[in-house]
Amino acid sequence: MQHEITRPRPLLDAKGNIAEPGFARRLLPVYRRADVKAGALRIKEWDYYLVSNGRFALALTVADNGYMGLDSVSFIDLENLWQHTASPMCVLPLGRRHMPESSETGDVRAKGRGYEISFRHIVGGRLLSFRMDNFLGSLPIKGEIVLTREPGESIVMCTPFRKRAHFYYNQKINCMRASGTVSVRGRSYAFEPADSFAVLDWGRGVWTYSNTWYWGSASGEAEGVPFGFNLGYGFGDTSAASENALFYDGKLHKLSRVTFNIPRRAGEFDYLAPWTITSDDSRFEMDFKPVLDRSADIDAKLLRSEQHQVFGLFTGTAVLDNGRRIKLRDFPGFAERVVNKW
């Protein structure tokens with residue numbers, strides 16, 4: 001079952017539960033923080049952008065997770081196989097970051113000792129600006145990226161949890177064109193709109209304590225037009241709809257269920273060995289060749305986050321709603337597995 005939400009309405013009912021579980025092609029459900037039936041410690045709100053051209057990538061996060069604020073800058077060099085992430089945290093923001101209630105309006109700004117990150121709406125697109133004085137040891141990083149040509153359709157998910165008043169409201173916007181530069185380690189890296197694309201992961205919700213999620217995303221061109229996909233599963237009640245979708249020339253093509261087949265070695269996940277990703281409707285069948293594992297394991301006893309965001313190349317076939325087969329070879333993107341206790 002893939003239930004589509006087709007009209008605007010409040011996201012939450014009077015009890016703080018998702019009023020209409022399912023997916024939408026635009027941000028139709030209306031999120032209001034005041035409607036959430038949970039304490040400020042439990043509300044999680046974040047904006048995450050990933051910009052990539054297949055040779056290098058930039059990830060920026062601003063999050064207000066109630067008990068903890070997180071600001072993160074990651075740079076990934078996929079040709080020279082190095083990456084670094086710096087993630088300053090603050091205690092008890094409790095909503096004072098005033099994260100926008102829509103991805104379509106409102107700006108985000110985070111500032112701390114020696115760094116600043118901002119996401120702004122500008123005429124014709126979005127402007128991502130950042131600097132961090134001590135990013136890699138004493139070496140700074142800074143940059144500005146402009147995102148344009150936002151497609152008309154995206155994947156919007158209204159996902160309930162089985163626990164009362166717990167939910168996840170999420171939008172993934174693929175295939176935005178990116179231009180700009182990042183300066184790090186004494187070098188300037190230029191993103192050009194001909195081959196550089198961005199995805200926005202915009203999330204608001206109240207999560208249960210322990211979750212494992214799988215997420216994959218890629219944006220680029222196929223057959224000379226913008227093409228990308230979003231894949232995900234592992235948390236919440238997704239009986240109404242999955243978040244799996246293809247994007248072709250600005251239009252969403254809905255998929256059913258997918259499975260990440262991650263190989264194991266001696267009982268442990270071998271993230272850098274070749275994967276396969278398969279779908280139950282045979283519309284997404286891919287080999288995934290890992291290039292770099294951006295991994296982190298934060299263990300603070302009651303709080304735990306084990307992350308493996310694996311960048312690599314997809315080769316296989318994706319099928320649009322009209323039966324058209326899109327064949328990909330070495331299409332850059334990522335697939336990840338994240339375990340959180342938060």
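Reader: Which residues lie nearest the centre of the largest cavity?
Author: On a 1 Å grid over the protein atoms alone, a cavity is a set of points where a 1.4 Å probe fits but cannot get out, and lining residues have an atom within 4 Å of a point. By that rule 13 residues line the largest cavity. Those nearest its centre are Asp47, Tyr49, Gly106, His121 and Arg126.

Reader: What kind of model is this?
Author: Residues are numbered from 1 along each chain as its sequence is written, and side-chain values use heavy atoms, without hydrogens and water. Local features need pLDDT of at least 70, side-chain atom pairs count only at pLDDT 80 or more, and totals for chains, interfaces and linings use all residues, as the model is predicted.

Reader: Which element gives the most to the lining of the largest cavity?
Author: Strands here are DSSP runs (E, at least two residues), numbered from the N terminus. Two elements give two or more residues to this lining, β4 and β10 (115-122). The most, three residues, comes from β10.

Reader: How much space lies in the largest cavity?
Author: A volume is the space filled by probe spheres set on the points, which are joined across faces, edges and corners. The structure holds two cavities of 30 Å³ or more. For the largest cavity, the space is about 70 Å³.

Reader: What is the volume of the largest pocket?
Author: A pocket, unlike a cavity, is an open set, with protein on both sides within 12 Å along at least five of seven lines. The largest pocket is lined by 42 residues, including Trp213 and Asn340. Its volume is about 940 Å³.

Conventions
Helix = DSSP H or I, 4+ residues; strand = E, 2+ residues; numbered from the N terminus.
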